[in-house]
Amino acid sequence: MSALVELQGFTLERGGQCILRDISLAIAPGEKLALVGPSGAGKSSLLGEIHRRLGEAAALCPQQLGLVDALSVYHNIYMAQLQRRNSLLNLWNLFFPLAGPLREVEELSQPLGLAALLRRPVAGLSGGERQRVALARACYAQRETFLGDEPVSSLDPEQGGELLDRVNAAHRTAVVALHNPALALAHFDRVIGLRGGELAFDRPAASLTAAQLADFYRGGSGWQA
Ligand SMILES: Nc1ncnc2c1ncn2[C@@H]1O[C@H](COP(=O)(O)OP(=O)(O)OP(=O)(O)O)[C@@H](O)[C@H]1O
């Protein structure tokens, strides 16, 4: 099967600094892949490059969330499908939510614990609630591939794991940056470790242990691709 995304010796420079160096990897359709690595390792930059290459085929749940504070939870989620309707319908929906999308968003929001919050402006939500809104918006885009940049970092591990399972079930392919090694091992097939902008390892999750990932985060040696 041909790769969904393939990088060969990919290097990225920003502001005169090399932030990804000589990265080679291929992601096949259907893979569930976790990106791990210490802060500043290059996870967001790599996700950004994958997103750039996949374009409309992927939905990104960004680390900064990108929500519009003044708008309701419903409208923030609806935004994922803005381009599917004309401006007049989108304007109408701003004041009088359209029955179809409202029903879809209500269904999507239920398991995310957002159903009771749909009319609330996101400005007043907690960090975890905001993160779930961003997750719902990315899911409502209904793309083949989900790209998440620490999408459950504000949730407790149990809820985070449950939502990662939902995201994985709703998308053929998922690439998710995580800081929680246990979540990476429990919910993904493959784990890629980045350190200092370089690929440190690329292994099946089943071949890794929590202790090994803890060692990787501590900066242990012996982590070569
Ligand atoms: N536009 C930019 N200009 C200059 N440096 C940048 C730019 N974007 C990212 N960097 C640098 O590249 C490195 C990798 O950043 P990136 O956000 O990809 O890391 P990360 O692994 O996602 O980190 P975190 O876990 O903290 O989110 C960092 O040192 C960061 O400061």
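Which residue in S6 does Ala34 stand opposite? I took this up first, working from a predicted model.

**Entry 1: strand S3.** I looked up Ala34 and found Val176 opposite it in S6. Strand S6 covers residues 173-177, and its pairing with S3 is parallel, over four bridges. I then turned to strand S7 (residues 190-195), which also runs parallel to S3 and is joined to S3 by four bridges. In S7, the residue opposite Ala34 is Val191.

I next checked burial along S3 (residues 32-36). Five of the five residues are buried, so the strand is largely enclosed by the rest of the structure. In a regular strand, side chains alternate between the two faces of the sheet.

**Entry 2: nonpolar core.** Nonpolar side chains tend to be buried together in soluble globular proteins. I looked up the largest nonpolar core and noted 59 residues. Ala34, Leu35, Leu135, Ala136, Ala138 and Val175 touch the most other members. Helix H5 (residues 127-140) gives the most to this core, with seven residues.

**Entry 3: ligand shell.** I counted 13 residues around the ligand, of which Arg14, Gly15, Ser39, Ser44 and Ser45 come nearest. By class, the shell holds two nonpolar, nine polar and two charged residues. Strand S2 (17-27) and helix H1 (43-54) each supply at least two residues. H1 gives the most, with three.

**Entry 4: positive phi.** Most residues other than glycine have a negative phi. I noted two residues with positive values. Leu65 has a phi near 70° and sits in the loop between strand S4 (58-61) and helix H2 (73-78). Glu150 has a phi near 50° and sits in the loop between strand S5 (145-149) and helix H6 (157-170).

Are these two residues buried or exposed? Leu65 has 18 other C-beta atoms within 10 Å and is therefore partly exposed. Glu150 has 20 within 10 Å and is therefore buried, since the cut-off for buried is 20 or more.

**Entry 5: annotated span.** I consulted the UniProt record, an unreviewed entry, which places the feature "domain: ABC transporter" at residues 5-221. In the model, the end C-alpha atoms of this span lie 29 Å apart. The span is 37% helix and 24% strand.

Definitions and conventions. Residues are numbered from 1 along each chain as its sequence is written. This is a predicted model: local features need pLDDT of at least 70, side-chain atom pairs count only at pLDDT 80 or more; totals for chains, interfaces and linings use all residues. A residue is near a molecule or strand if its C-beta atom, placed from the backbone, lies within 6 Å of it. Ala, Val, Leu, Ile, Met, Phe, Trp, Tyr, Cys and Pro count as nonpolar, Asp, Glu, Lys and Arg as charged, and the others, Gly among them, as polar. A residue is buried if 20 or more other C-beta atoms lie within 10 Å of its own, exposed if 12 or fewer, and partly exposed in between; C-beta atoms are placed from the backbone. UniProt positions are given in the numbering used here, feature names are shortened, and annotations may be inferred rather than shown by experiment. A nonpolar core is a set of buried Ala, Val, Leu, Ile, Met, Phe, Trp, Tyr and Cys residues joined through C-beta atoms within 7 Å. Two strands pair if DSSP finds at least two bridges between them.
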